[in-house]
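Please keep the sequence and the three-dimensional view at hand while reading.

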Amino acid sequence: MARNKFDVDEELDTPFSITHLKRLFVYIKPYKKKIILTVLIMLIASGANLIGPYLIKQAIDEEIPGKDIPGLFLLSAIYLFALIITGICMKYRIRIMSQIGQSIIQNIRKDLFTHLQSLSFSFYDSRPHGKILVRVVNYVNSLSDLLSNGLINLITDMFSLAVIIGFMLVIDVKLTLLAMLGFPVLAGIIFLIKNAQRKAWQDLSNKQSNMNAYIHESINGIKVTQAFTRESENKRIFQEVSGEYRSSWMKAVYIQFLLWPSIENISVLTVSFIYVMGISMIGDGVTVGSLIAFIGYIWMFWTPLANIGNFYNAIINAMAYLERIFEMMDEKPTVTSDPESKDLGMIKGKVEFDDVVFGYEGEDRTLKGINFKANPGDTIALVGATGSGKTTIVSLISRFYDINSGSIKIDDVDIKTVTIHSLRKQMGVMLQDPFIFSGTIMDNIRYGRLDAADEEVIAAAKAVQADPFISELKDGYQTEVNERGTRLSTGQRQLISFARALLADPKILILDEATSSIDTETELALQRGLETLLADRTSFIIAHRLSTIQNATRILFIENGRIIEEGTHQELLNQKGHYWKLHKSQHHTLEVS
Ligand SMILES: Nc1ncnc2c1ncn2[C@@H]1O[C@H](COP(=O)(O)OP(=O)(O)OP(=O)(O)O)[C@@H](O)[C@H]1O
């Protein structure tokens with residue numbers, strides 16, 4: 001998968017096709033009845049609105065010359081009634097269509113979010129998270145106008161147009177045909193600007209996405225930015241990114257506004273033309289009343305046409321966003337359960353790597369043939385230099401990535417043949433950077449097992465020595481922590497996620513640098529507490545501090561994607577190889593300090 005950065009425009013994998021609109025209709029369909037009802041109401045409204053000029057014609061040509069005062073009152077009453085009907089219908093339409101529009105948006109957003117949860121790590125590795133966010137939030141929002149107003153407007157405007165043309169034909173066929181002369185000109189303009197408009201909106205969506213990605217990245221990295229006083233450089237980059245957004249916005253809007261003035265100009269020209277032609281035709285079958293009414297209809301004729309033009313604009317804009325939204329919905333998880341895959345069931349915890357080859361970008365560079373076997377209850381420690389492949393090995397046990405070749409078996413079953421859910425359910429994973437969600441400490445530990453009682457949560461916290469620091473907090477377990485746990489120290493976050501992993505009561509426990517930020521005293525107490533708990537679990541421990549893994553059943557020394565030494569602590573020391581050297585250097589450092 002290609003990688004993307006905040007200042008790189010995302011390329012669309014698929015060109016726009018009408019299927020995107022069809023897919024949008026799938027979301028509109030459940031509201032079919034309400035939409036039909038609204039359309040009917042709007043038809044009544046536009047019918048009532050359109051009767052105006054005809055009533056004026058009637059008054060000028062019939063009632064005023066005949067001095068028919070009651071007749072004039074009647075026409076005025078009908079007009080007033082028509083206006084009231086229009087007002088009521090409009091109010092109803094705005095309310096109901098906003099509701100429908102927002103419901104559709106909510107459904108699209110729900111599907112996107114659900115889909116995002118299923119996507120594999122590789123998807124998140126390959127792009128800035130701000131670019132994902134912008135699709136779920138901003139792009140979906142951009143559909144709001146189209147869904148709330150566009151569709152209904154289109155139908156009612158088409159209807160209005162037909163009724164107006166009907167009235168115009170009833171008044172005068174020749175004038176009607178003359179009035180239509182501006183129509184092909186407008187169609188030509190729309191055709192000419194269509195492609196430029198679509199490209200401009202696509203470009204705008206890219207620049208919006210880039211800006212969002214940069215803001216997201218900057219907020220995440222704010223501490224580093226301030227520590228390295230990079231503020232002014234960041235400001236410069238932001239100005240560049242937001243400047244690009246501004247220019248693409250201006251361009252898109254400039255092209256969009258080519259349409260409106262064109263419609264205005266054509267309508268003014270047509271009206272002037274009809275005035276000239278109409279006046280010269282007065283007496284020749286054209287009355288003053290009918291000319292005034294006709295001009296009224298021509299003005300009305302261009303309004304729905306302009307609205308249809310606007311709808312067209314809205315569709316073009318929405319397409320730029322829709323294709324991005326559906327592109328993300330079509331993104332396939334790279335790691336999936338096979339349709340025939342079965343439930344792994346309760347496992348004992350035997351883990352076996354057989355010649356596992358793996359690379360993040362599909363190549364074979366990261367792991368170059370890993371072989372080992374862990375029996376149920378074993379504690380396997382992985383040590384080695386930074387970047388040697390330790391985290392990669394343990395992340396493959398949970399099948400966060402699929403391997404290129406070889407096999408990984410749990411209780412003699414290839415993990416590719418079981419459902420991902422049943423596999424991951426057996427794992428308690430503590431990642432290198434423990435993540436804390438916004439909520440209470442209790443909620444955060446309970447994340448490991450949602451149905452755990454408070455007492456179980458507290459017992460898990462006690463087992464991992466997290467209880468002392470939690471109890472000291474003013475609100476104890478009910479203390480609110482914010483996203484990523486910025487109110488807690490790194491060591492405290494590690495203890496919480498330790499308790500979370502333990503609460504899940506997994507058969508396989510993966511601890512990736514789980515205790516690196518915990519002080520030695522707490523760590524020793526924690527290890528004592530964990531000994532009994534780890535007893536019937538298979539655990540994988542990655543640690544740079546060798547003192548923490550001396551009791552491991554087996555230690556694997558990883559270098560450059562290979563296991564180059566393995567054995568117990570004592571065996572490896574006796575070998576006087578890499579592990580011994582590492583141990584000696586740590587011991588030396590300790591003695592010196
Ligand atoms: N998501 C990723 N995408 C691409 N390459 C990655 C990814 N994660 C890790 N790598 C690369 O894979 C190699 C092994 O990384 P890994 O995280 O497994 O090392 P490690 O031994 O756990 O290192 P450390 O001790 O620093 O945690 C490194 O060269 C790293 O650059």
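The protein is divided into domain 1 (18-330) and domain 2 (337-426 + 509-519 + 540-593), with bounds that come from an automatic or database domain assignment. The C-alpha centres of domain 1 and domain 2 lie 58 Å apart. The model is predicted, so local features need pLDDT of at least 70 and side-chain atom pairs count only at pLDDT 80 or more, while totals for chains, interfaces and linings use all residues. Residues are numbered from 1 along each chain as its sequence is written.

**Overall form**

- The protein contains 21 helices and 12 strands; helices (H or I, at least four residues) and strands (E, at least two) are DSSP runs, numbered from the N terminus.
- The radius of gyration of the protein is 35 Å, well over the 25 Å that the globule rule gives for 593 residues, so the protein is more spread out than a compact globule. This radius is taken over C-alpha atoms, and the rule is 2.2 Å times the number of residues to the power 0.38.
- Along its principal axes, the C-alpha trace spans about 120 × 55 × 45 Å.
- Of the 593 residues, 34% are buried. A residue is buried if 20 or more other C-beta atoms lie within 10 Å of its own, exposed if 12 or fewer, and partly exposed in between, with C-beta atoms placed from the backbone.
- Among contacts with a separation of 6 or more, 80% join residues 24 or more positions apart; two residues are in contact if their C-beta atoms, placed from the backbone, lie within 7 Å.

- Helix α3 (residues 69-118) has 50 residues, which should span 74 Å at 1.5 Å a residue; its end C-alpha atoms are 74 Å apart, which agrees. The expected span is 1.5 Å times one less than the number of residues.
- The buried residues of α3 include Thr86, Cys89, Arg93 and Met97, and their cover includes α1 (18-28), α2 (32-63), α5 (129-142), α6 (144-171) and α12 (288-330).
- Leu151 is found in helix α6 and counts as buried, with 22 C-beta neighbours inside 10 Å.
- Leu151 and Phe311 are 160 residues apart in sequence, and their C-alpha atoms are 7.9 Å apart in space.

**Surroundings of the ligand**

- Residues around the ligand include Asp125, Tyr360, Lys390 and Thr391; a residue is near a molecule if its C-beta atom, placed from the backbone, lies within 6 Å of it.
- Helix α13 (residues 390-397) gives the most to this shell, with 3 residues.
- The shell divides into 1 nonpolar, 8 polar and 2 charged residues. Ala, Val, Leu, Ile, Met, Phe, Trp, Tyr, Cys and Pro count as nonpolar, Asp, Glu, Lys and Arg as charged, and the others, Gly among them, as polar.

**Residues in loops**

- Asp412 lies in the loop between β4 (405-410) and β5 (413-414). Asp412 has a positive phi of about 65° although it is not a glycine, and it counts as exposed, with 8 C-beta neighbours inside 10 Å.
- Asp505, in the loop between α18 (490-503) and β9 (508-512), has a positive phi near 50° and is likewise a residue other than glycine. Asp505 is partly exposed, with 16 other C-beta atoms within 10 Å.
- Phe437 occupies the loop between β6 (427-430) and β7 (439-440). Leaving aside neighbours within four places in sequence, Phe437 is in contact with Asn444, Tyr447 and Glu483.
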